[in-house]
Amino acid sequence: MTARALAWADAISDTAGRVAAVLAVALVALVFGLVVARYGAGAGSVAAQEAVLWLHSSLFLLGLCYALRHDAHVSVDVFAQRWSPRTRARVELACALCLLLPFCVFIVAMSWDYVATSWALREGSRDPGGLPGWYLLKSLIPLSAALLFLQGLALTVRAFGRATAPTTDA
């Protein structure tokens, strides 16, 4: 990947992160509104409850690549803090190649038929008064894995560069 391709992958992840941030605000506002409506007015809505699920799912799925981009994902730093930068890069490279990228491919492959079936049925909510278009939400599963794969490629290229860079021992 060239520097331009790396910047493009980063920009896509940052955009997904900004969308996730907006969804987080909407989620908090909707949950607050639901609590007020339920306990203040005794009112509820199946569609609003499902919208909470939609927002939460979308927030999580779109935030994956953003978290990887900004090194905000779960990692085990107990060992890595004692390693040299080159060793950390090598471990990061090995983990990306052996775990992250295959996992993303697996998720896309396993979810493809699930999402395709949902699209074919134009699946909607099973609950009366629920939201239509569940196939749209389910489409985020392979999309998020593809975005994570793209950011994983960028991470892999950068880790390879750090792992193979000449040492500057003086």
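## Exercises on a predicted model

Arg-122 sits over the face of Tyr-135, 5.4 Å from the ring centre; a charge counts as over a ring if NZ of Lys or CZ of Arg is within 6 Å of the ring centre and within 35 degrees of the ring normal. This is a predicted model, in which local features need pLDDT of at least 70 and side-chain atom pairs count only at pLDDT 80 or more, while totals for chains, interfaces and linings use all residues. Residues are numbered from 1 along each chain as its sequence is written, and side-chain values use heavy atoms, with hydrogens and water left out.

**Exercise 1. Locate Arg-122 and describe its phi.**

Solution. Step one: Arg-122 is placed in the loop between H4 and helix H5 (134-138). Helices here are DSSP runs (H or I, at least four residues), as strands are (E, at least two), numbered from the N terminus. Step two: the phi of Arg-122 is positive, about 50 degrees, although the residue is not a glycine. Most residues other than glycine have a negative phi, and most peptide bonds are trans.

**Exercise 2. Determine how many aromatic pairs the structure holds, and classify the pair of Trp-54 and Trp-134.**

Solution. Step one: the structure holds 2 aromatic pairs. Rings of Phe, Tyr and Trp (its six-membered ring) pair if their centres lie within 6.5 Å; planes under 30 degrees apart count as stacked, over 60 as edge-to-face and the rest as tilted. Step two: for Trp-54 and Trp-134 the ring centres are 5.6 Å apart and the planes stand at 65 degrees, so this pair is edge-to-face. Step three: Trp-54 belongs to helix H2 and Trp-134 to helix H5, so the pair ties together parts that are 80 residues apart in sequence. Step four: Trp-54 is buried at 18% relative accessibility, and Trp-134 is buried as well, at 13%. Buried means under 20% relative accessible area, exposed over 50%, and partly exposed in between (1.4 Å probe, protein chains only).

**Exercise 3. Describe the largest pocket by its volume and its lining.**

Solution. Step one: the volume of the largest pocket is about 1000 Å³. On a 1 Å grid over the protein atoms alone, a cavity is a set of points where a 1.4 Å probe fits but cannot get out, whereas a pocket is an open set with protein on both sides within 12 Å along at least five of seven lines; lining residues have an atom within 4 Å of a point. Grid points are joined across faces, edges and corners, and a volume is the space filled by probe spheres set on the points. Step two: 29 residues line this pocket, and Asp-71, His-73, Ser-75, Glu-92 and Leu-155 lie nearest its centre. Step three: the elements giving two or more residues to the lining are helix H2 (46-69), helix H3 (77-80), helix H4 (85-121) and helix H6 (140-164). H4 provides the largest share, 10 residues. Step four: by class, the lining has 18 nonpolar, 4 polar and 7 charged residues. Ala, Val, Leu, Ile, Met, Phe, Trp, Tyr, Cys and Pro count as nonpolar, Asp, Glu, Lys and Arg as charged, and the others, Gly among them, as polar.

**Exercise 4. State where Asp-71 lies and whether it is buried or exposed.**

Solution. Step one: Asp-71 is in the loop between H2 and H3. Step two: its relative accessible area is 57%, so Asp-71 is exposed. Step three: the phi of Asp-71 is near 55 degrees, a positive value in a residue other than glycine.
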